[in-house]
Structure formats: structure tokens, C-alpha cells
Amino acid sequence: MESNNDIELARKIIEQTGASLFLTGKAGTGKTTFLRNLRTSSRKRMVVCAPTGIAAINAGGVTLHSFFQLDFGVYIPGMKREGKGRVAFSKEKIRIIRGLDLLVIDEVSMVRSDLLDAVDSVLRRYRDRTLPFGGVQLLLIGDLQQLPPVVVEHERQLLEANYRSPYFFDSHALQQLDYVTIELSKVYRQSDSNFLDLLNAVRDNRADSEVLRRLNERYVPGFNPDDSEGYVRLTTHNHLANMVNDRRLAALQGEAHEFEAKVSGNFPASSYPADLKLTLKEGAQVMFIKNDTGMDRRYYNGMMGKVTTIDDEGLVVTPDDGSDPINVEPVEWENTKFVVNEETNEINEKTDGVFCQIPLKLAWSITIHKSQGLTFDRAIIDASASFSHGQTYVALSRCRTLEGMVLERPLPPNAIINDLTVSEFIRCHATNGLDSDKVESMVSAYRLSIAAGMFNFRTIFNAVEGVSRIYDENFIRLYPTLVQEYAMNTLRMREQLISVGDRFAVQLHQLYMSGQTAQLLKRIKDASNYFLQQLNTLIDLTEAMPSDHDNRNVAMKLRERMELLEGVTDIRKTLLETFKDEDFDVDRYLDIKAQGAFKRGKKQKSARVQTSKTADNSEDNINPELLRQLKTWRKERSEAEGKAAFQICHTRTLMFISNYLPVSYDELLMLPTIGPAIVKRIGDDVLDIVDAYRAEHPDAPCLQLSQLSAKQ
């Protein structure tokens with residue numbers, strides 16, 4: 001694509017800032033080309049999604065529903081559907097989400113507002129819950145004057161009660177996001193200025209009687225060209241297109257040949273990019289539905305032609321543009337999923353399923369909906385029965401020239417349907433004077449915000465709060481002193497570090513505005529060293545906390561909260577360790593952050609979680625060695641009897657035994673949580689262990705049983 005200032009601005013915003021971007025423009029302005037180039041050249045870790053299976057396959061991505069594991073139906077923020085809970089995400093998916101730099105949504109005009117809010121809820125859950133879309137950068141690509149989102153009738157009332165419109169821009173989350181808009185204006189598909197004027201009038205709801213008159217000059221009653229002329233008919237409904245194709249195929253002489261696709265792996269039927277069973281005859285008018293990826297680039301998506309040879313030896317299509325006949329063979333479409341490359345810490349695409357078929361479809365007629373994204377030299381258009389916003393514009397804009405377009409029926413005024421909601425949004429969200437200087441200031445602001453963000457500890461202490469809540473609700477009876485001290489110390493650190501971090505962010509801004517680059521870099525190094533020491537203290541406090549619990553659900557919940565805390569602290573620690581010695585660099589920062597997010601999900605568990613801490617040396621336990629011996633005995637007995645450890649004896653019971661050192665059944669019965677049944681089952685074993693410990697440690701401390709006035 002030739003030099004284009006809007007394209008360059010869009011590329012700079014995506015590559016060098018954290019700003020989200022809505023990239024729009026008329027049909028044929030290069031949006032698809034921009035995405036294709038971005039996928040091959042960007043250093044950012046991205047995932048590409050689209051609202052439908054076909055759009056996702058064409059964009060080389062996955063559907064929004066599949067990647068974010070969303071069910072179909074209306075999503076209302078804060079409302080849970082009866083009988084539906086959160087879908088469990090795999091560790092791999094969580095790693096990808098946490099390491100994501102950029103989320104690309106193609107064909108965003110077809111994305112409903114509630115679907116975008118559902119995406120926001122998932123991203124907040126696994127990233128930063130205080131920021132729209134969890135703080136991830138968005139690239140939204142699409143033309144709002146083309147096909148709109150689908151709203152089925154039984155969902156309309158619920159959607160209208162909660163959203164201003166079904167369009168993506170009325171998503172509650174998106175309205176909280178400060179995103180920019182770039183509208184591409186240079187059209188590459190059409191070069192005829194008169195035709196472009198007509199298309200723009202239809203697109204912008206300016207199709208007056210004169211525009212309709214000029215368009216309807218292309219109405220040719222009874223137009224029935226020979227197949228050799230390569231016209232394709234565009235219709236509004238599937239049954240109309242199928243009826244034309246079936247009739248024309250049946251009229252051909254000769255044997256029908258059926259080509260059945262081969263499907264392997266995971267490839268949903270709703271995403272099939274071609275017919276599962278394709279029936280062809282010699283003389284059939286066809287259209288290629290995929291670009292040739294070979295060296296010769298013999299065909300492209302939308303190329304028209306005729307089947308000239310079809311037999312057991314192969315299939316030959318002669319293109320309508322006069323180029324050489326093409327021996328057509330089956331090709332593959334891949335259904336991809338995203339995985340983390342353990343060696344490079346990049347998000348890579350992995351083939352999840354393959355659809356293999358002849359890349360053709362019957363093309364005497366296709367629907368306007370399926371023509372989106374295609375270009376034709378000659379087309380017969382029947383848009384008189386258009387029923388949705390943008391449908392007529394999509395049909396007309398498929399043609400390269402006005403001369404190559406024929407209307408099967410005149411266009412009535414009511415065939416041009418425009419949504420006033422869309423028109424108002426476009427009016428208010430134009431490019432708005434976005435130029436190189438403004439984008440450059442965005443780049444600088446992004447770098448400053450990245451640096452200041454290293455010293456914002458809110459996300460870390462939000463994770464600490466989750467861990468502390470688990471301890472307070474489930475560990476307070478076992479370790480009252482430890483739990484209370486952890487809550488008190490972390491609260492004190494939260495207030496101090498957040499306050500200091502906020503003040504330092506102001507200093508950074510002042511140094512940046514005054515142009516004191518050298519001083520700014522030095523202050524970042526000094527601050528990194530200071531905050532690293534504070535962070536290590538927080539890590540030490542957390543490492544001293546227990547992870548053992550008799551209740552498996554509690555232990556699992558703690559492990560999840562601890563892994564989340566470790567994820568954010570480990571990344572921050574690596575960043576601070578790096579920039580206390582090195583000059584701050586955005587690229588280095590992004591690499592470290594992504595690598596840290598991916599590292600957290602590797603199969604080996606972190607030492608902190610894996611060691612199953614018991615805090616045996618806390619003030620709540622005065623004989624830690626005895627407690628360890630009792631737990632070892634319990635573990636061996638549980639394995640021998642095939643039972644869970646808590647079924648042998650609860651941890652709280654072992655804590656009482658190790659603190660009070662009972663020497664008889666009667667003293668055991670005086671301890672809280674111990675009754676006759678427990679004494680009968682384990683009394684001899686634990687008394688033997690206590691006796692042996694007393695013999696080895698005659699001065700072992702011991703709480704007095706007389707202090708127990710009643711069982712707790």
C-alpha cells in the first residue's frame with residue numbers, strides 16, 4: 001500500500017502508545033490490509049478476534065465467543081443468568097490474557113454492545129479490575145455504515161432496557177475508555193470520482209432524488225448476460241441466491257461432480273468457510289473464495305471464472321479476466337487458537353482444526369452479506385428488498401466501477417436504510433484533528449505513564465486484600481496472632497507505598513515537563529531501588545503465612561489468590577530489579593512484563609505455593625518441631641488408610657496437642673475439638689509422639705490445661 005498519512009498515524013498509535021483506536025473508513029480504504037501488515041510486523045503480543053466464524057477465519061483469528069468463552073444471549077453487566085456460573089479458564093488462556101498487549105476486534109460494526117461488555121468483564125477478572133477492558137489496548141476495525149449487529153426478536157426488549165443501542169460504541173465499558181478514532185479516506189477499490197460521490201451519498205444518508213436517478217440509470221430491464229461476461233448477482237436473501245445457483249447449475253449439460261470437504265480437529269460448522277459439499281459441472285460460473293498463497297498468486301478472493309474442465313484428473317477454472325486457466329486443487333483453512341511460546345514468551349497462533357475444500361463457490365448469485373469484503377468487476381445487484389442498515393451500501397460498494405454495475409430492479413428510496421444512531425456517533429467521533437504532533441505527544445505521555453505505573457502499588461495491594469480476606473475468614477482460629485499481624489502490617493504498607501508512589505508520579509511529571517531527562521532517569525533508578533526493598537518486605541510477610549488447611553476448597557481458593565499475588569509481585573520485582581541499574585526503556589519494560597505474565601502459568605508451581613506452608617514457627621505454635629512430627633504421622637496414616645488428612649485429625653487439634661503436651665487420655669479429653677471417639681482412634685499414637693518429644697526436650701514450653709475453662 002502506498003504512503004498514507006492516516007495509516008501511518010494509526011500504526012504509530014498502536015505500536016508506540018497504549019491508546020485504544022477505532023479504525024474505520026469506507027469500503028476499500030485498506031482496513032484489511034492494515035490488519036494484515038500489523039500481524040506480520042508488530043512487536044506487541046496480540047490476539048485477533050471477530051464476531052462471526054467466517055469473519056474470524058478471514059481475519060486469521062478466532063471468534064470473540066470462543067476466545068473469551070462466552071455463551072450466546074444478552075449479557076447484562078452485574079446480572080448472573082440462572083443456572084449459569086463462570087466458565088473455568090485454562091491456565092494457558094489466563095496466561096495469554098495477562099500477557100496481552102493488544103486485542104484486535106475486526107468487523108466491529110457487527111459486534112453488539114453487550115458482547116463488548118462481556119469481553120470487558122473477562123479482561124477485568126484476570127487483569128486490572130479497576131480499568132476498562134482490564135487495561136489492555138484495543139484496536140477496533142470496521143465500518144459502521146456496513147452490516148450491523150444481529151438482534152434476534154426475543155432478546156430485543158432486554159437489550160433495549162439496558163443499552164442505548166446494540167452497536168459496539170454503546171458498550172458501557174467502551175464509554176469509560178478514552179479511545180481515539182481514525183477514519184481512512186483514500187479509497188483503493190474505486191477510482192471513478194463520480195461513482196465515489198454516489199457511494200458516499202448512500203453511505204452518509206445523502207441519497208436524494210438526484211442520486212437515486214443517477215444510480216437507477218444502471219437499471220437494465222431483463223438483463224441476462226452470457227456467463228462469459230463474468231457477472232455475479234448480489235441478492236438480499238439466501239434463498240434467492242440459492243434458487244438462482246441451483247437453477248443455473250441444473251440447466252447445464254454434463255455430469256455433476258461432488259466435492260466433499262475434509263474436516264479435522266476442532267472446526268465448528270458455523271465457521272465453515274466453504275460448502276461442506278460442493279457440486280459443480282463444466283460451464284459453472286464460480287468465484288474463488290480464498291487468496292492463492294502459492295508463489296504464483298494465480299487467484300484471489302472474489303475472482304470470477306468458469307469451470308472449463310472437470311473429471312477424474314482434476315478441475316480447471318478459466319478466469320474471466322482472460323488470464324491463464326487454473327488447475328484448482330483443495331486448499332486448507334485453519335481454525336486457530338492462541339498459545340504461549342515457552343521459549344520466546346510470545347503469543348503464537350496454533351492450528352486447532354483444518355477445513356480442506358476446493359476454494360470455489362457457485363457464483364451466478366451470492367448474498368450481499370457474504371459479499372462483504374469482496375470486490376467485483378461486474379455485478380448485477382438486487383437491493384430493492386434491503387431490510388437492514390448499510391445493506392444497499394455494501395452491495396453497491398462491492399463494484400469497482402459504475403459501468404460494471406447493473407441493477408436488476410430500480411432502487412426505491414426505502415432501500416437505502418441508515419441508522420440515525422450511527423450517523424450521530426460518526427458525527428461526534430471523527431478524527432478530530434488528530435495529527436502527527438498530537439500523536440507524538442501521546443507517545444511521550446504513554447512512556448511517562450508506563451514509568452509512573454511501576455510505582456503504583458494499588459493492583460498489588462488489591463491482590464493482598466484478597467489473600468488477607470481468605471486468612472481472616474478461614475485461618476484466624478488456627479493462627480490468630482499471625483493473621484492479625486499480617487492484616488495490620490500489609491494495611492500499613494498499603495497506605496505508605498500508595499501515598500509515596502502517588503507523590504513520586506507527580507515528581508516524574510514535573511521532571512518530564514521541564515525537560516530534565518537525565519534527572520528523570522536517575523530518579524527512576526533511585527525509586528526502583530527504594531520500592532524494591534519495600535516489595536521484598538511484603539513478599540517476606542506473605543511467605544511467612546500458612547497455606548495448609550483441612551478444607552480443600554479453602555486451600556484451593558487460597559492457592560488461586562496466592563498465585564495472583566505472586567504473579568503481580570514477581571513481575572514488579574523483576575521490573576524494579578532491572579531499572580534500579582538500567583535506564584528506563586519502554587520496549588524492555590513490555591518484554592519483562594509479558595515474560596513475567598507467561599512465566600506464572602508454567603507447569604512447575606512456585607516455591608511459595610508448592611511448599612504448602614504451615615507457619616509452624618509462628619507465635620500461635622510454641623512447639624513447631626512437635627507439630628511437624630504430628631503432621632508427618634497424620635500424613636503417613638492418611639496414606640495407609642486411603643483417607644484425607646483431615647479425616648484422621650484436624651490441624652487445629654494437632655495445634656492444641658503440640659501446645660498443651662497432654663500425657664493421658666484425660667488430658668486429651670480436656671482439649672477443645674477432642675472427644676472420646678477421637679481419643680479412642682488416635683490417642684495412643686499421639687500420646688506416644690508427645691512422650692518421645694518430652695523426653696528429647698525436657699524444657700519444652702507448655703500451656704496450662706487449667707487455663708482452659710471450657711472447650712473452644
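A salt bridge here is a side-chain nitrogen of Lys or Arg within 4 Å of a carboxyl oxygen of Asp or Glu. By that rule the count in this structure comes to 26 salt bridges. We'll visit some of them, along with a few other spots.

**Before you click**

You're looking at a predicted model, where local features need pLDDT of at least 70, side-chain atom pairs count only at pLDDT 80 or more, and totals for chains, interfaces and linings use all residues. Residues are numbered from 1 along each chain as its sequence is written, and side-chain values use heavy atoms, with hydrogens and water left out.

**The whole chain**

Start zoomed out. The C-alpha trace spans about 110 × 70 × 50 Å along its principal axes. Colour by secondary structure and you have 26 helices and 20 strands; these are DSSP runs numbered from the N terminus, helices being H or I with at least four residues and strands E with at least two.

Now show the surface. The accessible surface comes to about 33,700 Å², and 48% of that belongs to carbon and sulfur atoms. Areas like this come from the Shrake-Rupley method with a 1.4 Å probe, and for residues only the protein chains shown count as cover. Of the 712 residues, 51% are buried. On this tour, buried means under 20% relative accessible area, exposed means over 50%, and partly exposed is in between (1.4 Å probe, protein chains only).

One more overall number: among contacts between residues at least 6 apart in sequence, 74% join residues at least 24 apart. A contact is heavy atoms within 4.5 Å.

**Stop 1: Arg-112 and Glu-155**

Select these two side chains, which meet in a salt bridge at 3.0 Å, N to O. The pair links distant parts of the chain: Glu-155 sits in helix α7 (residues 153-162), while Arg-112 is in the loop between β4 (102-105) and α6 (113-126), 43 residues apart. Both Glu-155 and Arg-112 are buried.

**Stop 2: Phe-133**

Next, pick Phe-133, in the loop between α6 and β5 (137-141). Is it buried or exposed? Phe-133 is buried, because its relative accessible area is 0%. Check the backbone too: phi of Phe-133 is near 55 degrees, a positive value in a residue other than glycine.

**Stop 3: a patch of negative charge**

Select Glu-255, Glu-282, Asp-311, Asp-312 and Glu-313, which gather in a patch of negative charge on the surface. Patches are made of residues with over 30% relative accessible area and no salt bridge; like charges are joined within 9 Å, and nonpolar side chains (Val, Leu, Ile, Met, Phe, Trp, Tyr) within 5 Å. Lys and Arg count as positive and Asp and Glu as negative, with His and the chain ends not counted. Zoom in on Glu-313, in the loop between β12 (304-311) and β13 (314-319). Glu-313 counts as exposed because its relative accessibility is 74%.

**Stop 4: Arg-409 and Asp-382**

Here is another salt bridge, with the closest N and O atoms of Arg-409 and Asp-382 being 2.5 Å apart. Both partners are in loops: Arg-409 between β20 (405-407) and α14 (420-428), Asp-382 between β19 (379-381) and α13 (391-396). Arg-409 counts as partly exposed at 42% relative accessibility, whereas Asp-382 counts as buried at 9%.

**Stop 5: helix α20**

Select Val-586, in helix α20 (residues 586-599). At 14% relative accessibility, Val-586 counts as buried. Which residues is Val-586 in contact with, leaving aside its neighbours within four places in sequence? They are Tyr-446 and Arg-447.

**Stop 6: helix α22 and beyond**

Move to Arg-634 in helix α22 (residues 624-641). Arg-634 is buried, with a relative accessible area of 6%. Beyond its neighbours within four places in sequence, Arg-634 has contacts including Asp-550, His-650 and Leu-654.

Arg-637 forms a salt bridge with Asp-685, the closest N and O atoms being 2.9 Å apart. Asp-685 counts as partly exposed at 30% relative accessibility, and Arg-637 counts as buried at 18%.

**Last stop: Leu-661**

Finish at Leu-661, in the loop between α24 (651-660) and α25 (665-670). Phi of Leu-661 is near 50 degrees, a positive value in a residue other than glycine. Leu-661 is buried, with a relative accessible area of 1%.

How values were computed:
The place of a charge is taken as NZ of Lys, CZ of Arg, CG of Asp or CD of Glu.
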